[in-house]
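Here are my notes on this model, point by point. Please read them with the structure open.

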Amino acid sequence: AAWWKAQQAPVGSPLRVSYQELLANLARLRALLNLLLARQTVLIKLPEVMKTTITDRLAKKNFAEAAQELDLFVKLWVNTVIPEEARRRAADPRTVAKEMNLGFIVELQKNFMRKYIDAGLGQGVLPATYRMPKDMVLIPGGYFIMGRDGAVYGDNDFPLRLVYLESYLIDRFEVRNKDYNEFVAYVKRTGDYSFEHPTAPALKDHTSQGSKNQALAGDDQPVVGIDWLDAFAYAKWKGKRLPTEAEWEKAARGMRLRRYPWGSDDPAKVVVNSAEGRAFLAAEMNRQNPPAPPQKSLLESVGLKDVPPPAAISLPSATWPVAELLPVPALAAQKDGKFQWNGAAVSPYRVFHMGGNAAEWVSDWYDPIHYTGSPMAYPKGPESGTLHVYRGGSYLSPAAEVLTTCRGAASGGRLVAGCSG
């Protein structure tokens, strides 16, 4: 309507528009239609142009330029093309996105990573004189793909996107109860609250909830039942910090887009401390060392009563020692020669328990759509929020929560945002 400069006319009178104004308005409308048609033509041609451009950049090993163009392309499509097409059709953006071949963009990013790895980049080497802190691991700087392959518009781990990080160190193991309890004791003894986050309540009690449960309170088990403020203060007390979401995810999946920290196998086929993983381990222990049949009673021996099945091994629903990849019963059986297992469900950088055992706080505030506009280089999450992100799932988690891409958020010990499948 803004294109038509009609004079205001009394109610019931014909619309008065001069011939010159009508021609001018028609010219403006024709220009607008031509612009829209041109824009649609550009959008239709843009994927092929991008493919040619990215291929050329990669052939010349201009990885920084290729990454920037891919990042802009993803954000253009996700933040502009899909929403505008949804408005034009008065449709749900998720429906519109499903009708688009977004896999084309994913393949461009995967091809970028293949070329990047083939060029020997992203490996990272420390100086020979560098002394690595105990139980820490170097995560080399460079590009990796963040987000879930198969995520759809609206999921909190959508879209798949390239991220660039500098090299950093991360703990190989989760924080032990013994180490965390030393921190709690220190604060209680000294009254030193200099490590607190500015939003922490005065005289905060950092005692973990897990320390009140005998099954979770062993010295070598991971600390559980602490909030984000507890984790922040402990890390600062140790002279460290919480990793960002991006840092955590790269340490968990590496540069080859691992679905789980150990690879692509479902947790129901892997010895890992999650609900399915423990069930698999118990079945494997029973297979290797079948339980002896119980002694028959007199009635059972003459067939007057059914013989109960042998008592199968059952593993407790609890955390495992942070520096072990098996629970205590399996370690004991292995020592006695009754069980053997050579698999190691660790990340590409041999970081332990990044899937299952204990969920891990990261520094980022939680925003379900943050990936759509997050910077490619050194993303640190939203500037503010009401919830923080945790990663990795726990010993209670189903398969979806131990994905390397799963983004959880909790408040007051209650899961608020879970993970996409």
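1. Strands β2 (residues 142-146) and β3 pair in the antiparallel sense, over 5 bridges. Pairing here requires at least two DSSP bridges between the strands. Within this pair, phenylalanine 144 stands opposite valine 163 of β3. Strands are DSSP runs of E with at least two residues, helices are runs of H or I with at least four, and both are numbered from the N terminus.

2. A word on the source. This is a predicted model, in which local features need pLDDT of at least 70 and side-chain atom pairs count only at pLDDT 80 or more, while totals for chains, interfaces and linings use all residues. Residues are numbered from 1 along each chain as its sequence is written, and side-chain values use heavy atoms, with hydrogens and water left out.

3. Strand β3 covers residues 161-165. Of its 5 residues, 4 are buried, so the strand is largely enclosed by the rest of the structure. Buried means under 20% relative accessible area, exposed means over 50%, and partly exposed lies in between (1.4 Å probe, protein chains only).

4. Now the helix pair. α5 and α6 pack at an angle of about 90°, and their axes are 11 Å apart. That makes α5 roughly perpendicular to α6, a label for angles of 65 to 115 degrees. Axes are lines fitted to C-alpha atoms over the stretch in contact, and angles run from 0 to 180 degrees between N-to-C directions. From α5, the contact uses Asp179, Tyr180, Glu182, Phe183 and Tyr186; from α6, Asp230, Ala233, Tyr234 and Trp237. Contact means heavy atoms within 4.5 Å.

5. Lysine 204 is buried, with a relative accessible area of 9%. Its side chain joins that of aspartate 230 through a polar contact of 2.8 Å. Such a contact is a pair of N or O atoms within 3.5 Å; within protein, one must be able to donate a hydrogen and the other to accept it, and residues adjacent in sequence count only if both atoms are side-chain atoms. Leaving out residues up to four places away in sequence, lysine 204 touches Tyr193, Glu196, Asp227, Leu229 and Asp230.

6. Serine 194 is found in the loop between α5 (177-190) and α6 (228-237). At 46% relative accessibility, serine 194 counts as partly exposed. Its side chain makes a polar contact of 2.7 Å with the side chain of aspartate 192.

How values were computed:
Parallel < 35°, antiparallel > 145°, perpendicular 65-115°, else oblique.
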